[in-house]
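Hello,

Here is the structure we talked about. Please have a look at it, then read my notes below.

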Amino acid sequence: MTTGNRPLSPHLQIYRWQWTMLLSITHRATGIALAVGALMLVCWLLALAGGADAFAAVNGFLASWFGRLLLFGWTWSLLYHFSNGIRHLFWDVGLGLELPSAQASAYAVVAVSLAGTLAVWIGGYMAAGALG
Amino acid sequence: MSMRTPIARVRGLGAAKSGTQHWWMQRLTAIALVPLTVWFVVSVIYLTGADYAHVRAWLASPLSAILMLLLIAATFYHLQLGLQVIIEDYVHGEAAKLGCIIGVKLASFALAVTAAFAVLKVAF
């Protein structure tokens, strides 16, 4: 098999970091985090089907500081992957591919995911009656 | 001069090693997940702090149960496609790569069925 003498692109470290590359790798990282989060969803549904004791145990873990930290991370991961996924769908139909708009949408995804995470948590605490 | 190897030329599948099925299904499930994710996030906010009976009654309603089943199906289909690409990119060696992909696909399907069973148990 002849595989020699093929042109190779420079290795990743050669390039200067840019928002667009950072968002690209973060999309993948949040995807992995959400795959783990899907496991939690399965546990939660099983506990709900299993009875009040099992549900209390899973809810107790989720309400602990570590559980809340995980949920906070998953909230942001979900909103980020959701927003950036919509950005990808626009690219798929050929919209927003020019560099200035790709950069603008990158900032928008970061802003929307952070503001959305805050809104979800405020909403959650309000629903729970913790904020009066 | 062609830069493709003879075996690649014979297989005729290009660099992606398949057609557009993977790409298309990833987009299709992504589109399905846009409204489903909005419903899921709104539901989670609404259910924060709710007791067992309340959450169970919520999932037992036909609309919640159906949307949750759709969310599970789209999520796990989307998830195994995404993880497959990550494995293809970072796991080198055909045996390890194939093993990881088989593991992810089988586990995803098993988890989706498990989650669906839990939803149906609550709903019926």
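The contact between the two chains comes first: 32 residues of chain A touch 43 residues of chain B. Keep in mind that this is a predicted model. The two chains bury about 3,000 Å² between them. Carbon and sulfur atoms account for 80% of that buried area. The size of an interface is often given in this way, as the accessible area lost when the parts come together.

Which residues of chain A stand out in the area buried against chain B? Arg28(A), Leu45(A) and Leu48(A) do. They supply 19% of what chain A buries there, more than any other three residues.

In total, two salt bridges are counted between chain A and chain B.

Now chain B by itself. It has five helices and zero strands. Along the sequence the pattern reads α-α-α-α-α. The radius of gyration is 20 Å, whereas the globule rule gives 14 Å for 124 residues, so chain B is more spread out than a compact globule. Its C-alpha atoms fill a box of roughly 70 × 25 × 25 Å along the principal axes.

A few more values for chain B:

- Buried residues make up 36% of its 124.
- Among its contacts with a separation of 6 or more, 66% join residues 24 or more positions apart.
- The chain exposes about 7,500 Å², and 74% of this comes from carbon and sulfur atoms.

Last, the surface. There is a nonpolar patch there, built from Trp17(A), Trp19(A), Leu22(A), Ile25(A), Tyr107(A) and Tyr90(B).

Which element gives the most to the nonpolar patch? Helix α1 of chain A, residues 19–50, does, with three residues. Leu22(A) lies in that helix. Is Leu22(A) buried, partly exposed or exposed? Its relative accessibility is 39%. Buried would need under 20% and exposed over 50%, so Leu22(A) counts as partly exposed.

Best wishes

How values were computed. Residues numbered from 1 in each chain as written. Chains lettered and ligands numbered in written order. Predicted model: local features only at pLDDT ≥ 70, side-chain atom pairs only at ≥ 80, totals over all residues. Heavy atoms only, no water. Patch = residues over 30% accessible without salt bridge, like charges linked within 9 Å, V, L, I, M, F, W, Y side chains within 5 Å. Areas by Shrake-Rupley, 256 points an atom, 1.4 Å probe, with all protein chains shown as cover. Salt bridge = Lys/Arg side-chain N within 4 Å of Asp/Glu carboxyl O. Helix = DSSP H or I, 4+ residues; strand = E, 2+ residues; numbered from the N terminus. Buried < 20%, exposed > 50% of the residue type's maximum accessible area, 1.4 Å probe, protein only. Rg over C-alpha atoms; globule rule 2.2 N^0.38 Å. Contact = heavy atoms within 4.5 Å. Buried area = accessible area lost by both parts, 1.4 Å probe.
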